[in-house]
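Take a look at the model below. Keep the sequence at hand while reading.

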Amino acid sequence: MNVLGIETSCDETAAAVVAEGRVVLSSAVFSQVVLHRPHGGVVPEIASRQHVEHLPRILDKALAQSGLEWTQLQAVAVTYGPGLASSLLVGLSAAKALALRLDIPLIGINHLEAHLYSVFLARDARSYESACPLLALIVSGGHTCLVRVDAPGQYRRLGQTIDDAAGEAFDKGAKLLGLEYPGGPVIDRIGALGDAACIAFPRTRVLMANFTGGLSPALCFSFSGLKTSLLYYLRDHPEAVHEPILQDVAAGYQEAIVDVLVRGAQRALKREKVQSLVVAGGVSLNRRLRARLLDMAASLNVSVLLPEPSYCADNAAMVAGLAGIGQGITGEACWSLDACPSLDIGG
Ligand code: KG4
Ligand code: ZN
């Protein structure tokens with residue numbers, strides 16, 4: 001089945017064509033990051049306008065690169081949440097119109113489930129079923145959670161952040177350091193040159209169940225205190241925004257985020273009997289996080305599945321791929337589907 005995927009949940013306008021759920025025939029992404037950078041973060045109004053302007057061109061590009069004709073598509077899959085309401089609506093409306101015009105099924109896809117699926121997007125990747133039961137660590141700009149997956153579509157949320165997402169911690173930290181948006185890639189790069197042991201930033205442990213919505217505090221994360229501690233550190237050491245100290249600060253700050261994520265994943269792996277650890281979302285690009293998770297999982301005899309770099313950040317191949325294996329909302333329910341900005345996974 002050839003599925004056209006559409007993704008407009010945040011600041012990437014993306015379209016892709018994927019065959020049989022795993023063969024990526026094309027994946028076109030227009031990143032709006034340079035437009036949001038002067039504002040230090042994503043501006044919803046700019047994002048939705050950009051989607052309206054660029055989606056037609058990106059759709060044409062994805063189709064042309066796939067080598068297929070419109071008539072060779074068998075379904076249109078689209079992200080309907082979570083994300084920015086006005087941005088989601090652009091993709092959802094376009095997908096409905098296309099599916100109606102082509103007279104093919106429309107499939108609504110959850111963005112977080114799609115991120116998780118991104119590790120299975122390769123001709124030779126193992127199948128989703130065979131990797132289950134698995135533990136997924138989803139780490140992006142808006143979400144940070146640990147999810148147990150017993151089979152495709154069978155999710156159970158084990159833990160989540162009680163305040164900022166990991167990507168948000170990178171972005172806010174970078175802003176305090178005077179670095180550009182998005183902060184994750186910059187801190188990754190600068191931090192690699194520094195000594196993480198020079199400055200000990202706090203690793204917050206969630207101890208009370210009051211804020212975790214019934215989830216085990218040991219599997220929940222908190223990053224807002226870390227950001228505040230960086231703020232105070234910079235107040236007392238204003239010279240730290242300049243190199244070479246900046247490199248040590250970035251390394252120490254990154255290590256605190258990575259430590260908290262690795263420890264949470266480790267606790268979850270020890271509790272749950274799973275065979276694989278999936279790491280997905282924009283923060284899964286982080287080199288230090290990848291290395292630390294690989295070490296930790298090896299010590300527990302668990303295999304780690306990581307997305308290819310081009311499928312870590314938002315893209316439409318993961319959306320089309322997940323739909324291609326029969327997941328998502330289809331049938332009558334799909335035509336009345338509305339954007340769901342706070343859609344969850346396994347909650
Ligand atoms: O998954 P994504 O593209 O969008 C959301 O669904 O949120 O993730 C974007 C996040 C941003 O916060 C960005 O700073 C972070 O991913 N990110 C990274 C790296 N590359 C992107 N964080 C840490 N290290 C990186 N190399
Ligand atoms: Zn995302």
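This is a predicted model: local features need pLDDT of at least 70, side-chain atom pairs count only at pLDDT 80 or more; totals for chains, interfaces and linings use all residues.

Start with the largest pocket. Its volume is about 990 Å³. The lining counts 37 residues, and those closest to the centre are Ser140, Gly141, Gly142, Asp171 and Tyr181. By class, 15 of the lining residues are polar, 14 are nonpolar and eight are charged.

Helix 4 (111–117), helix 6 (166–176) and helix 7 (183–191) each supply at least two residues. Which helix gives the largest share? Helix 6 does, with six residues.

Now turn to the metal site. The zinc ion (ligand 2) has three protein residues as donors: His111 through NE2, His115 through NE2 and Asp314 through OD. They lie 2.0 to 2.1 Å from the zinc ion. Along the chain, the donors follow the spacing H-x3-H-x198-D. His115 and Asp314 thus link distant parts of the chain, 199 residues apart. His115 sits in helix 4. Asp314 sits in the loop between strand 10 (303–305) and helix 11 (317–324).

His115 has 0% relative accessibility, so His115 counts as buried. Asp314 is at 14%, and therefore Asp314 is buried as well.

What is the geometry of the zinc site? The site is irregular, with angles of 93 to 142° among four donor atoms. For four donors to count as tetrahedral, all angles must lie between 85 and 135 degrees. Ideal angles for four tetrahedral donors are 109.5 degrees.

Two residue pairs complete the tour. Gly191 is found in helix 7. Gly191 is buried, because its relative accessibility is 6%. Gly191 and Gln254 are 63 residues apart in sequence, yet their C-alpha atoms are 7.0 Å apart in space.

Ile245 belongs to helix 9 (residues 245–271). At 30% relative accessibility, Ile245 counts as partly exposed. Ile245 and Ala291 are 46 residues apart in sequence and 24 Å apart in space, C-alpha to C-alpha.

Note on methods:
Residues are numbered from 1 along each chain as its sequence is written. Chains are lettered from A and ligands numbered from 1 in the order in which they are written. Side-chain values use heavy atoms; hydrogens and water are left out. On a 1 Å grid over the protein atoms alone, a cavity is a set of points where a 1.4 Å probe fits but cannot get out, and a pocket is an open set with protein on both sides within 12 Å along at least five of seven lines; lining residues have an atom within 4 Å of a point. Grid points are joined across faces, edges and corners, and a volume is the space filled by probe spheres set on the points. Helices (H or I, at least four residues) and strands (E, at least two) are DSSP runs, numbered from the N terminus. Ala, Val, Leu, Ile, Met, Phe, Trp, Tyr, Cys and Pro count as nonpolar, Asp, Glu, Lys and Arg as charged, and the others, Gly among them, as polar. Donors are N, O and S atoms within 2.8 Å of the metal (3.2 Å for Na, K and Ca); water is not among the atoms, so sites may look incomplete. Four donors count as tetrahedral if all angles lie between 85 and 135 degrees; four count as square planar and six as octahedral if opposite donors are over 155 degrees apart and all others between 65 and 115; anything else is irregular. Buried means under 20% relative accessible area, exposed over 50%, partly exposed in between (1.4 Å probe, protein chains only).
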